[in-house]
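Hi,

Here is the structure I promised to pass along. Have a look at it first, and then read on for what turned up.

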Amino acid sequence: MNIKEIFGLAPAGGAIGLEVEVEGRGLPHGGLHLWNVEGDGSLRNGLEYVLKRPLGLAGIDKALAQLSEALARPRTEVKQSARTSVHVHINVQRLTKKELYNFITAYLVIEDVLTRFCGVEREGNLFCLRARDAEHMMDVLVEAVRSKDMSHLSDDNHRYAALNLCALSRFGSLEFRAMRGSASFNTVKEWASMLLLLRNRAKAFNSPQEIIRSFSISGGGKDFLQQLVGVRADLLTPLCPDLDDLLLSGMRNAQDVAYAIPSWENY
Amino acid sequence: MRYDTADYAEGRLAGTIIKLDGKAVKLSHCFGDMMALVVDISTGQDKEVKLDDLDLSPIQLGYVNRGGEAYYLKRLPKREDWRQGLRYNNVSHHQMLGMGVVQLLSGDYPTFEEAHERVTAYEQNSVAFSRVFAVEMYGYLRYKGRDCVGKVGKDAKITLHPTFLYLTEALKEALNEH
């Protein structure tokens, strides 16, 4: 069974969903056929632009170009604000449970490094708490793995985690909330591509435990990062002088999920 | 995260525990030109400070030893809380939060040998000897307040259950912390 079947979801074709929060004046409401425009109480004079449906990377390019053009209109003024963020949904509908936990495990190992890419001010931010900041989420993951019951993951108490698991049962996606709102759309594209690559690379491992073993064999560090995000590791490593420490601490968290059960063979 | 008005900062920080110069403080309220009144958790002394001087980086939670028990404090990434700092609504075992955070920031734990001695002498039910490991009465070794991951013999020798052998390195580090 895959995630779509487990949660009885309507099929969603595209790989990536986006929610872009913007604050400013004269923000565009119309002429954006790829986006829904929504109000957001957490913003000041802000709007949230939500992709109408998930798209592939080429579609994301077009959608961001459309939004960028609209935000550059003469009477529109975009304000850089620490309140805004960009949320990326990665479609996992076609993953099996084990493949999903591979993705989650791989993400947890490199979460601190990825969050650095999203912006230093996003580290420990209450709207996107990492597993190291809000460990309660790890209990929920461990319980879900052991019980083979994914309904645990829909608990609204974990919605403001950098990795929001609640989106699984609603959309069949994992929501990554860490990207700063002030990032350029090129950075947003890089971020979405990186997460998509991570999903695909993680899927290829036999089990979450194999990801941890691979970490140990590679000695962690940049080699392991490259295994998961390819050449994009070059974007991450200059931001992380403490790379080895960040990865080791991420791996320790991820181990709790990977070894929540003795074996994934028949999972 | 930095705030652009005292009002907004108050909404995110009032009543929560954050850091100032490495110490745990509770923010009472914000006022004036980006100022705040904070209370030092250890001493109870209050102080007016600039909002920019506060350290809003996360406080790493974990085990605290209070009243003869080890409690594992964890934050919940709750939506309906909307606070940057720690408070009753976003932390497990929140009754232990104030002095617990003071203890966590000091990183002050007994050695494993001391911890083991206290539980075998029935002085305490459980004692943490690191941020993530605690020893309990009857020789149970607990990890992150979640799993019993091993046993401690009368000779104080620790044996991890086969399922939790992956913790060998983490345990070694915890034992060598002192």
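Let me start in chain B, in the loop between β9 (140–143) and β10 (147–152), where B:Lys144 sits. Please keep in mind that this is a predicted model. B:Lys144 is not a glycine, yet its phi is positive, at about 50°. Its relative accessibility is 4%, so B:Lys144 counts as buried.

You will find B:Trp82 in the loop of chain B that runs between β6 (69–72) and α2 (97–106). With 34% relative accessibility, B:Trp82 counts as partly exposed.

Still in chain B, there is a patch of negative charge on the surface, where B:Glu113, B:Glu114, B:Glu117 and B:Glu123 gather. One of these, B:Glu114, belongs to helix α3 (residues 112–120). B:Glu114 has a relative accessible area of 39%, which means that it is partly exposed.

Over in chain A, take a look at helix α6 (residues 185–203). This helix has 19 residues and spans 27 Å from its first C-alpha to its last, close to the 27 Å expected at 1.5 Å a residue. Buried residues of α6(A) include A:Phe185, A:Val188, A:Trp191, A:Met194, A:Leu195 and A:Leu198. Among the buried residues there are also A:Thr187, A:Ser193 and A:Arg199.

Happy to go through any of this with you.

Best wishes

Terms used:
Residues are numbered from 1 along each chain as its sequence is written. Chains are lettered from A and ligands numbered from 1 in the order in which they are written. This is a predicted model: local features need pLDDT of at least 70, side-chain atom pairs count only at pLDDT 80 or more; totals for chains, interfaces and linings use all residues. Side-chain values use heavy atoms; hydrogens and water are left out. Patches are made of residues with over 30% relative accessible area and no salt bridge: like charges are joined within 9 Å, nonpolar side chains (Val, Leu, Ile, Met, Phe, Trp, Tyr) within 5 Å. Accessible areas come from the Shrake-Rupley method with a 1.4 Å probe; for residues, only the protein chains shown count as cover. A salt bridge is a side-chain nitrogen of Lys or Arg within 4 Å of a carboxyl oxygen of Asp or Glu. Lys and Arg count as positive and Asp and Glu as negative; His and the chain ends are not counted. The place of a charge is taken as NZ of Lys, CZ of Arg, CG of Asp or CD of Glu. Helices (H or I, at least four residues) and strands (E, at least two) are DSSP runs, numbered from the N terminus. Buried means under 20% relative accessible area, exposed over 50%, partly exposed in between (1.4 Å probe, protein chains only). The expected span of a helix is 1.5 Å times one less than its number of residues.
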